[in-house]
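Me: I am new to this structure and would like to go through it step by step. Could you show it first?

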Amino acid sequence: MLVQVLRVVLAIVILGTWEITTRVGCYGPDSGTCVVDPFFFGQPSGIWTQLVKWVQVGTAQGPLWEQIAVTLEETVLGFAIGVVLGIIFGVALGRNRLLSDVLGPYIKAMNAMPRVVLGSIFTIALGLEMPSKVALAVVLVFFVVFFNAFQGVREVDRDLLANARILGASQRQLSRHVILPSALSWILASLHTSFGFALVGAIVGEYLGARKGIGLMIATAQGTFNANGVFAAMFILAVVAIVAEALVTKLEDRLIKWRPNAITEVSI
Amino acid sequence: MSDQVAIQLQKATKRFTSPNGKSFTALRDLDLTVAAGEFTAVVGPTGCGKSTTLALISGLEAPSAGTVRVFGEPVSAVGRSVGYVFQRDAVFPWKSVLDNVAMGPRMRGVDTGQANAEARQWIARVGLDGFERYYPHQLSGGMRKRVALAQTLINHPKILLMDEPFSALDVQTRALMENELLDLWASTGSSVVFVTHDLEEAIGMADRVVVITAGPGTVKGTYRVDLPRPRNIAEIRFQPRFIELYGEIWNDLRDEVLVSYERTKNRVAS
Ligand SMILES: Nc1ncnc2c1ncn2[C@@H]1O[C@H](COP(=O)(O)OP(=O)(O)OP(=O)(O)O)[C@@H](O)[C@H]1O
Ligand SMILES: [Mg+2]
């Protein structure tokens, strides 16, 4: 209860300070003494107006819900493809020494590159439609999931493997009953970050060139020096991210109810 | 007890590569024979290679030299007739007690209903009635050990390897479980290799006690325990013959424990 009250108070203080500092001395005759210029830094009330306008009138490139839907579709597609590929490669390389020795250096090198730059390549190669955004999201998600899955397979307790073999498990049963469940907690831990990455991929992709989507709204707002528009789009993104995070946590709780508390994911 | 040989290690040697890249000999020329149906206890100072010996018998590790045979066959892979209660907790944290115990039959192709029914019986036998749906992290260390025991015994192993299975239990539970194990063993006639730190436990349980030297491990002495069966673990240690045997074996064991202790101390000092 106290926590909730303090949270609300904090939000009021921050938004209030922002609103007041962008108001005092910013309008009327003495507008030169403005503390923080709302033209550059936006203003909570302005952001709200912008949001209401988007909801009621729609955005420059169509209704608001359509932009959100497009971005979400790209994000979810990129996320799903990236997760599946990451798990497949992670488990394969984790189980196969030769494969991991051969591919390891390349994957490390690829991981070291700032992959967001690939967005430009994808926009050139795949055009302004959805595929280029999905591709960028896939690339961003893949590495996070891949490294976690790989690590998860590598970290499987040797005693548990030995025990399963003694109990009579075949290679396939080992994978199914020991290696995958053990790696699953690592993989699930990575889903939190990787959904965020998928969203980044979709937004950056749209920003670089698109016909629809929240990323394009940001680009448009930037082009018209509309700081409030940028913030309003950010606000929408934050809501989407929080909802997604809650869904992932729910999925995680369902899949690994055997675990007392969460492993923190690997930092890459 | 028949004269058939269940387990035979001849000049078994095991070398590991230590973390600094050198070759490290854990076992050297270890000879050990276990007759079918025999209960053999293995004692020795820490790090002398007791767990390694069990790993060789189970087929999880291959000897660097020498031979390991189970029922006359050289061990080349993990055998179906072997049960192994590990020193460390090795129950599957993502499986409930029931699924953990049913794992063996399931892996061996028994259908789920049948496997679960058997598992329930074993869960009851190790005193975990009502905990079928629990996950290992919700159990105490001793309870997990009992899950491991049920998980192993449900497969009716002809060769039963146990690595300090009761060291995590309190004294009372321990005596109970020891008696329970002896009863089970008497009814199944499996050949047991039972590793323990506790000489009293070794003498109380076994037909034969094998003392292993401080690493590299090899057999220092073998003692036949000629105490009558059935035994009651809680009472047997007061018998004169028990005390006599204890004195005899402890003489051997003490020297090895001291060697091992001195080594560890010197390693820490240097
Ligand atoms: N996989 C391994 N790699 C390298 N060295 C090992 C390995 N397993 C065991 N050793 C070494 O072999 C020696 C014997 O180990 P082992 O686990 O058999 O001892 P132990 O007699 O079971 O000891 P404890 O009573 O403490 O359980 C130890 O010095 C250990 O460091
Ligand atoms: Mg050991």
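Predicted model: local features only at pLDDT ≥ 70, side-chain atom pairs only at ≥ 80, totals over all residues.

Me: How many residues does helix α7 of chain A have?

Reply: Helix α7 of chain A, residues 130-154, has 25 residues. Helices are DSSP runs of H or I with at least four residues, strands are runs of E with at least two, and both are numbered from the N terminus. From first to last C-alpha, α7(A) reaches 36 Å, close to the expected 36 Å, the expected span being 1.5 Å times one less than the number of residues.

Me: Where does α7(A) bend?

Reply: The bend is at F142(A) and amounts to about 25°; a bend is the angle between axes fitted to the seven residues ending at a residue and the seven starting there.

Me: Is α7(A) largely enclosed or open?

Reply: Of its 25 residues, 21 are buried, so α7(A) is largely enclosed by the rest of the structure. Buried means under 20% relative accessible area, exposed over 50%, and partly exposed in between (1.4 Å probe, protein chains only).

Me: New topic: which protein atoms are donors of the magnesium ion?

Reply: They are OG of S51(B) and OE1 of Q87(B), at 1.9 to 2.2 Å from ligand 2. S51(B) is in helix α1 of chain B, whereas Q87(B), 36 residues apart from it, is in the loop between β6 and α2 of that chain. Donors are N, O and S atoms within 2.8 Å of the metal (3.2 Å for Na, K and Ca); water is not among the atoms, so sites may look incomplete.

Me: Which residue of chain A forms a salt bridge with R88(B) at 2.9 Å?

Reply: That residue is D157(A). A salt bridge is a side-chain nitrogen of Lys or Arg within 4 Å of a carboxyl oxygen of Asp or Glu. R88(B) also meets D159(A) in a salt bridge, at 3.6 Å from N to O; D159(A) is in helix α8 of chain A, so this pair joins two chains.

Me: How many salt bridges are there over all chains?

Reply: There are 16 over the whole structure. One of them joins E129(A) and R211(A), at 2.6 Å.

Note on methods
Residues numbered from 1 in each chain as written. Chains lettered and ligands numbered in written order. Heavy atoms only, no water.
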